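Please read it alongside the sequence and the model shown below.

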Amino acid sequence: MCQVEFEMACAAVKQLKGPMSDREKLLVYSFYKQATPGDCNIRPSATDVKAKAKWEAWKENKGMSKMDAMKIYVAKVEELKKSVTG
């Protein structure tokens with residue numbers, strides 16, 4: 001796994017044309033955030049439901065290394081690409 005693969009997956013996820021469930025979006029988001037800034041350390045406003053859902057998904061990855069998060073992110077994007085293209 002290298003940075004280039006991760007960056008290619010980041011670009012590929014933006015090109016996905018098929019529907020993605022909210023759960024899939026949160027998973028991809030959470031691993032991206034864990035792979036880039038690392039552990040979540042900012043709590044969102046309790047009234048912002050969308051931000052809270054993102055925060056909770058990211059927080060589930062606390063303690064995971066950035067490299068492991070990158071690997072999982074790339075694998076998830078590849079899985080989504082296959083499911084969208086059939």
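What joins the side chains of K76 and E79? In this predicted model, the link between these two side chains is a polar contact of 3.1 Å.

## The K76 and E79 pair in helix α4

K76 belongs to helix α4, which covers residues 66-85, and E79 has its place in helix α4 as well. The accessibility of K76 is 14% in relative terms, and because buried means under 20%, K76 is classed as buried. E79, by contrast, has a relative accessibility of 46% and counts as partly exposed.

Once neighbours within four places in sequence are set aside, K76 is in contact with E24, L27 and V28. The C-alpha atom of E79 lies 25 Å from that of C40, and 39 residues separate E79 and C40 in sequence.

## How helices α2 and α3 cross

Two packed helices are described by the angle between their axes together with the distance between those axes. For helix α2, residues 22-35, and helix α3, residues 49-59, the axes come within 8 Å and cross at roughly 60 degrees. The two helices α2 and α3 are therefore oblique to each other, and the handedness of their crossing is right-handed.

On the α2 side, the residues that meet α3 are L26, Y29, S30, K33 and Q34, and their counterparts in α3 are A53, K54, A57 and W58. Sorted by class, this contact of α2 with α3 is made up of five nonpolar, two polar and two charged residues.

## S30 within the α2 and α3 contact

S30, which is placed in helix α2, is one of the residues through which α2 meets α3. Its relative accessible area is 2%, so S30 is buried.

## T36 and K66

T36 lies in the loop between α2 and α3, whereas K66 lies in helix α4. Both residues fall into the intermediate accessibility class: T36 counts as partly exposed at 28% relative accessibility, and K66 is partly exposed with a relative accessible area of 41%.

Leaving aside neighbours within four places in sequence, T36 is in contact with F6 and K66, and the corresponding contacts of K66 are Q34, A35, T36, P37 and G38. Although K66 and A35 are 31 residues apart in sequence, their C-alpha atoms are 4.2 Å apart in space. For T36 and G63, which are 27 residues apart along the chain, the separation of the C-alpha atoms is 13 Å.

## I42 in the loop between α2 and α3

Is I42 buried or exposed? With a relative accessibility of 63%, I42 counts as exposed, and its place is in the loop between α2 and α3. The C-alpha atom of I42 is separated by 24 Å from that of K71, a residue 29 positions away along the chain.

The loop between α2 and α3 thus contains I42, which counts as exposed, and also T36, which counts as partly exposed.

Technical notes. Residues are numbered from 1 along each chain as its sequence is written. This is a predicted model: local features need pLDDT of at least 70, side-chain atom pairs count only at pLDDT 80 or more; totals for chains, interfaces and linings use all residues. Side-chain values use heavy atoms; hydrogens and water are left out. Axes are lines fitted to C-alpha atoms, for helices over the stretch in contact, and angles run from 0 to 180 degrees between N-to-C directions. Helices (H or I, at least four residues) and strands (E, at least two) are DSSP runs, numbered from the N terminus. Angles under 35 degrees count as roughly parallel, over 145 as roughly antiparallel, 65 to 115 as roughly perpendicular and the rest as oblique. A crossing is left-handed if the near helix is turned anticlockwise from the far one by less than a right angle, and right-handed if clockwise. Contact means heavy atoms within 4.5 Å. Ala, Val, Leu, Ile, Met, Phe, Trp, Tyr, Cys and Pro count as nonpolar, Asp, Glu, Lys and Arg as charged, and the others, Gly among them, as polar. Buried means under 20% relative accessible area, exposed over 50%, partly exposed in between (1.4 Å probe, protein chains only). A polar contact is a pair of N or O atoms within 3.5 Å; within protein, one must be able to donate a hydrogen and the other to accept it, and residues adjacent in sequence count only if both atoms are side-chain atoms.
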